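Here is a short report on one predicted model. It covers a pocket, a helix and the aromatic contacts.

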Amino acid sequence: MPKKDRGPGRDIGFVARSGLCAGCGTCAALCPQSAISDQLSAISMEIDRQRGIYLPRINETTCDACGICVRVCPGHAVDFSALNEAAFGRQPQDTLLGNYLGCYTGHAADADIRYNSSSGGMASALLIYALEKGIIEGALVTRMNPEKPLEPQPFIARTREEILSATGSKYCPVPSNIALAEILKTKKGEKFAVVGLPCHMHGLRKAELASKKLRERVALRVGIFCSNTNTFPMTEYILGKHGIKPKQVTKLDYRGSGWPGKMSIQVENKALKQIDYEDYIKYHQFGFFTTRRCTLCCDMTAELADISLGDAWFLKDRKDDPGTSAVIVRSAAGRNLLDKALIGKAISIQSVPYPLALNPGDKRANLAAKVSLNRLAGKATPEYGEKMQQPRLVAYPYYLIVYFNLWVSSKKLPRGLVGVLLQVERTVGHLLRQALKT
């Protein structure tokens, strides 16, 4: 971390120290020094082992306090009104879902892609179609690093095989937008897709406002639904529950092998170990192993993307479902790709009415409760430039539980209580969560 602040107000040092950093990597990619040389970049994204997340590290020698990193940072501020105008030329007709042209369920036509993905394989199918039809020259995606299997690796995929190597959810911190630096170094006229979570889309849209070059090269933004991101200690905790040491792991896939999927772990020369989705995703709930900044996000469905994708959990009967995606088309670019991929038989889709498709309101509708609790605790909160809705009263006790669980799972000593708390809170927390949705 830098020894002193660079400039007035909220700078990257403040964002990191105050717990507002989303770990998206936009600041590092847009640093003007990195355009000259990777070695000269004033910002790098590094894992903070104590917090289990990515944070920006500032090189005091090369930083000239230009302020661009703060301009593109979505951690401390996201002006949804301005960004919606820039992206779509209008304000959302739906305050909870954002701008959209249609809602669907669907899946990849290729059975192997569908089976090996988290939920239907729509992202992989659309990217492969766009690549093979020349709509894009590459896609910013993330795979697990072959050299460091517990760490993610954002990169520009330029082949079908590379896109497929990034298939599946990543239940760990991912600084995807660091790879925007690679897009900025490509030839004029080349077009790319960018895949990311809501925070990555926020950073991307802010970066596009700051960089005409980036704006010219990004042809498609694919957003992935996100309730919250897990810290690296969650993976370590799950491995420990199964008697596996992190250094023993040679390959890890968080999801795949059908729906709802399994975590697949290769340990040195031993047989592949698989953990059922339900046996580990429970730690993803109720605030365990997440970050305070994630709880303050108000966007579950990647509102600023051209097309948003996620698991179609709302479907009633999924016993024999090999994987189905929820799809929200938001822009003409998203509509154009979906229509062409459908005609080209790369995907299969079915229109669904919005009320049946999603319940995206939790994060935005109850934002005021989370902000109030944080301010009472003297914590910094992000600025969204819009009036917050009046939350349900039940949101306050629910998020008190979330923040307590967040604290417990962030400290090594009390982390042993996670299993006990989970058993106690699954009933109480479930009832509170259902009350939030009604």
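## The second largest pocket

Six elements each supply at least two residues of the lining of the second largest pocket: strand 1 (43-48), strand 2 (53-58), helix 12 (232-241), helix 14 (292-295), helix 18 (367-376) and helix 19 (395-410). Helix 19 gives the largest share, seven residues.

The volume of this pocket is about 900 Å³. Its lining counts 36 residues, and those closest to the centre are Arg51, Arg292, Leu406, Ser410 and Lys411. By type, the lining divides into 15 nonpolar, ten polar and eleven charged residues.

## Strand 2 and helix 12

The whole structure holds eleven aromatic pairs. One of them joins Tyr54 and Phe232: the ring centres are 5.8 Å apart and the planes stand at 65°, so the pair is edge-to-face. Tyr54 belongs to strand 2 and Phe232 to helix 12, so the contact ties together parts that are 178 residues apart in sequence. Tyr54 is buried, at 7% relative accessible area. Phe232 is buried too, at 6% relative accessibility.

Strand 2 also contains Pro56. At 3% relative accessibility, Pro56 counts as buried, because the cut-off is under 20%. Between Pro56 and Arg205 there are 19 Å in space, C-alpha to C-alpha, and 149 residues in sequence.

## Helix 10

Arg205 is one of the buried residues of helix 10.

Helix 10 is mostly covered, with eleven of its 13 residues buried. Among them are Pro198, Cys199, His200, Met201 and His202. Gly203, Leu204, Lys206, Ala207 and Glu208 are also buried.

## Other aromatic contacts

A pair of aromatic rings is described by the distance of the centres and the angle of the planes. For Tyr398 and Tyr399, these are 4.9 Å and 85°, and the pair is edge-to-face. Both tyrosines, Tyr398 and Tyr399, are buried.

One aromatic cluster is formed by Tyr171, Tyr254, Trp259, Tyr277, Tyr280 and Trp313. Tyr277 also has a charge over its ring: the charged end of Arg255 sits 4.4 Å from the ring centre. Elsewhere, Arg143 lies over the face of Phe155, 3.8 Å from the ring centre.

Note on methods. Residues numbered from 1 in each chain as written. Predicted model: local features only at pLDDT ≥ 70, side-chain atom pairs only at ≥ 80, totals over all residues. Heavy atoms only, no water. 1 Å grid on protein atoms, 1.4 Å probe; cavity = no way out; pocket = protein on both sides within 12 Å on 5 of 7 lines; lining within 4 Å. Points joined across faces, edges and corners; volume = space filled by probe spheres on them. Helix = DSSP H or I, 4+ residues; strand = E, 2+ residues; numbered from the N terminus. Nonpolar A, V, L, I, M, F, W, Y, C, P; charged D, E, K, R; others polar. Buried < 20%, exposed > 50% of the residue type's maximum accessible area, 1.4 Å probe, protein only. Phe/Tyr/Trp six-rings, centres within 6.5 Å; stacked < 30°, edge-to-face > 60°. Lys NZ or Arg CZ within 6 Å of the ring centre and 35° of its normal.
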